[in-house]
Every structure is written in structure tokens, then in C-alpha cells.
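This report describes a predicted model. The text covers charged pairs, the helices, and selected residues.

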Amino acid sequence: MSGVMKRMGMIFRSKANKALDRAEDPRETLDYSYQKQLELLQKVRRGVADVATSRKRLELQLSQLEQQSGKLEEQGKKALSLGREDLAREALSRRAALQQQVTDLQTQHETLQGEEQKLTLAAQRLQAKVDAFRTKKETIKATYTAAQAQTQIGEAFSGISEEMGDVGMAVQRAEDKTAQMQARSGAIDELLASGALDDQTGTAKDDLTAELDRISGGSDVELELQRMKSELAGGDSGGGQQAIEGGQQESPKFDKQ
């Protein structure tokens, strides 16, 4: 069973891979990859903006702490000038605490500056890669589109494309059916002409019969015309002949008398 399942799994994966390969359009895949790169670039830029904002906030805090430190120093000097050493000492103690905060913020500021520079450089490099990929993507898409058009034209000329194959099969079927109908029509005409197949309607005639009927009709007219001429000519010649024969018959009688 394990062998059968493995085989079924391999068949399923192979068919699925073939179906995905037919459905995949390289142009769509390239556009999707380019979109993902743009999203990544946008995230890097957002990171640079966030780091820059944090750096700017630290700079504002440092400025405030330095102002407070300067103010405490002035207060300590003033207290010391007034003989209030205790107040001067307190002012200097607070100033020392502020200086420690300033030192810590400066360290953080330097760290943020380094991160900002790294992210800025990464964003610039990524931007260059995205621009190069966009140019290459458009070139590949144009080449693929041209190759696809050339392939379709070649398949159309050769008749191996699916659409042209269907058209070719339809034309072949039409030609075969036309030839079959012509052959059937010719066979029926030959059977009618030979008399092997009777015309049940009594109206159809083959070419030979029609020609004979035409000649026969014309002959009947000519024969009728000749007969009428003979009758007319025979009537005139018959009267003269009878007159001659009558004269010959009466002559002997005149001699005998």
C-alpha cells in the first residue's frame, strides 16, 4: 500500500506541476516579484524614517538636558557667590546627574545614527536593485510577448495550433462531405441514365433523353412541313396528269368513229 500511495502521490504532483506550468504566465510572475520588492523597499524606507524620528527625538532631549545643565551651573555659581555653598553643591549634584543622562542619550544617539546610516545605505542599494529588476522585467516581458506572438503566427501558418487545427479539421470534414455528396449525385445520375433506377416522379430526364426529345421534336416539325409541301405540289401535278390521261383515252375513240 505504501508503494501505491507513493506512486499516486508522484502522479498527482506531476499532473499538478504540469497544470501549474500551463497556467503560469512569466509576465505575471515578474510583476508579482517586482511588487514584492517594492513592498520590501517601502518597509526599509519606513524603518529609516522611524530611526530618523527616534534620533531627532533624542537630539531634542539632549538639547533640553544641556539647557538644564547650563542653568544648574549658573545657579550653583550664583549660590556660591552668595555664600550658599550647600545650594551650590546641590546644584552641582543635579548637574552631574543630568550629565550622566546626557552621556547615555549621546550613546543612544550615536547608535541610532549608525543604524540610520546602515538602513539608508540598504535602502539605496535596494532601490538600485529594484530599478534594475524593473528594467530587466520589462525587457523579459517584451521578449516573451514577441516570442509568443511569433510562435502563434508560426503555429497558424503551419496549422499545428489548437485553433487552426480545429479549423483544418472542419475544412477537411466539409471537403469530405462535399466529395461524398458529389459522388452520390453522380452515381444517382448514372443509375437514372442507365434505367437501373426509375424516376418515381416521372419528371427527371437525363441529358441523352432530353437531347433525343429535342431532336425528335424538331424532326416531327420538319416532316410535317415536308408533307404539307408534298400535298400542295401533288395537288397541282395530279390535275394536269389527269387531264393528259383523259385526252389520251378520248383520242382512240375519235379514230374508231
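Glu 116 is buried, with a relative accessible area of 15%. Its side chain meets that of Arg 55 in a salt bridge, with 2.4 Å from N to O. This pair links distant parts of the chain, since Glu 116 belongs to helix H3 and Arg 55 to helix H2, 61 residues apart. Arg 55 is also buried, at a relative accessible area of 18%. Both values fall under the 20% limit that defines a buried residue.

The model as a whole holds 14 salt bridges. Side chains of opposite charge can pair when their charged atoms come close.

A further salt bridge joins the side chains of Lys 137 and Asp 31, at 3.2 Å from N to O. Lys 137 lies in helix H3 (residues 85–158) and Asp 31 in helix H2 (residues 26–81), so this pair ties together parts that are 106 residues apart in sequence. The two partners fall into separate accessibility classes: Lys 137 is buried, with a relative accessible area of 4%, whereas Asp 31 counts as partly exposed at 31%. Asp 31 and Lys 137 also take part in a network of salt bridges that includes Glu 138 and Lys 141.

Arg 89 is partly exposed, with a relative accessible area of 48%. Glu 85 counts as partly exposed too, at 48% relative accessibility.

| Salt bridge | N to O distance |
|---|---|
| Glu 116 and Arg 55 | 2.4 Å |
| Lys 137 and Asp 31 | 3.2 Å |

## Overall make-up

The protein contains 5 helices and 0 strands. Read from the N terminus, its elements follow the order α-α-α-α-α. Of its 257 residues, 12% count as buried. The protein exposes about 20600 Å², and carbon and sulfur atoms supply 56% of that area. Among contacts with a separation of 6 or more, 76% are between residues 24 or more positions apart.

Helix H2 has 56 residues, which at 1.5 Å a residue should span 82 Å; the C-alpha atoms at its ends are 82 Å apart, so the two values agree. H2 is followed by Gly 83, which has a positive phi near 80°.

His 109 is placed in helix H3. This residue is buried, with a relative accessible area of 11%. A polar contact of 2.7 Å joins the side chains of His 109 and Glu 59. With neighbours within four places in sequence left aside, His 109 is in contact with Arg 55, Leu 58, Glu 59 and Leu 62.

Ala 88 is another residue of helix H3. Its relative accessible area is 4%, so Ala 88 counts as buried. Residues up to four places away in sequence are again not counted, and on that basis Ala 88 touches Gly 76, Ala 79 and Leu 80. The C-alpha atoms of Ala 88 and Glu 74 are 9.4 Å apart in space, and the two residues are 14 apart in sequence.

## A nonpolar surface patch

Which residues make the nonpolar surface patch of about 310 Å²? Val 4, Met 5 and Met 8 make it. Val 4 has its place in helix H1 (residues 2–23). At 46% relative accessibility, Val 4 counts as partly exposed.

Terms used: Residues numbered from 1 in each chain as written. Predicted model: local features only at pLDDT ≥ 70, side-chain atom pairs only at ≥ 80, totals over all residues. Heavy atoms only, no water. Salt bridge = Lys/Arg side-chain N within 4 Å of Asp/Glu carboxyl O. Helix = DSSP H or I, 4+ residues; strand = E, 2+ residues; numbered from the N terminus. Buried < 20%, exposed > 50% of the residue type's maximum accessible area, 1.4 Å probe, protein only. Contact = heavy atoms within 4.5 Å. Areas by Shrake-Rupley, 256 points an atom, 1.4 Å probe, with all protein chains shown as cover. Patch = residues over 30% accessible without salt bridge, like charges linked within 9 Å, V, L, I, M, F, W, Y side chains within 5 Å. Expected span 1.5 Å × (residues − 1). Polar contact = N/O pair within 3.5 Å; in protein donor to acceptor, adjacent residues only side chain to side chain.
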